[in-house]
Amino acid sequence: LDTPQRVAAAAAVERTFLAGRDEDFEALLVAVSAMEDDDNDPSVRLVDVQHQATGASALMVAAGKGRADMVGEFLARGANPGLKSRDGSTALDWAVRFKHQATADLLAPFMQH
């Protein structure tokens, strides 16, 4: 069910991926931190909303942009590091693909083996 909050969070994921500016990350953090009106089920947290076309989540975008600070923020809010984008990549994969080793090192302990 796409609530207005989920739609806003997905749009913020896209904006942040495309532009990647500090203000975009701040807006994304606000969007994924908002409480949903009727559904506080932890399995559908806003922090794990995925972009419809790509499957990217806030955590994946932060990892792909090398923003270890935001990766930490999203993990603290309960982001699922095991989510996969449409191409099967996790946030750790995004960090590695875009050559952000410090971010990859931060994510590695959260991955289940």
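Modeller: A salt bridge here is a side-chain nitrogen of Lys or Arg within 4 Å of a carboxyl oxygen of Asp or Glu. By this rule the model, which is predicted, has six salt bridges. Let us take helix α2, residues 22–33. At 1.5 Å a residue, its twelve residues should span 16 Å. The end C-alpha atoms lie 17 Å apart, which agrees.

Now the buried side. Asp24, Phe25, Leu28, Leu29, Ala31 and Val32 are buried in α2. They sit on the same side of the helix, because their arc around the axis is only 165°. Asp22 and Val30, on the other side, are exposed. The buried residues pack against α1, α3 and α4.

Next, the core. The largest nonpolar core has 32 residues. Leu28 and Val32 are among the members that touch the most others. α2 is one of the helices that each supply at least two residues to this core. The most come from α3, which gives six. Beyond its neighbours within four places in sequence, Val32 contacts Ala9, Leu46, Val47, Ala58 and Phe74.

Last, the charges. Asp22 forms a salt bridge with Arg67, at 2.9 Å from N to O. This pair links distant parts of the chain, 45 residues apart: Arg67 is in the loop between α3 and α4. Arg67 counts as buried, because its relative accessibility is 16%. Glu23 pairs with Arg21, their closest N and O atoms being 3.5 Å apart. Glu23 has 49% relative accessibility, so it counts as partly exposed. Arg21 is partly exposed too, at 44%.

Note on methods: Residues numbered from 1 in each chain as written. Predicted model: local features only at pLDDT ≥ 70, side-chain atom pairs only at ≥ 80, totals over all residues. Heavy atoms only, no water. Helix = DSSP H or I, 4+ residues; strand = E, 2+ residues; numbered from the N terminus. Expected span 1.5 Å × (residues − 1). Buried < 20%, exposed > 50% of the residue type's maximum accessible area, 1.4 Å probe, protein only. Arc of directions from axis to C-beta. Contact = heavy atoms within 4.5 Å. Core = buried A, V, L, I, M, F, W, Y, C linked by side-chain atoms within 4.5 Å.
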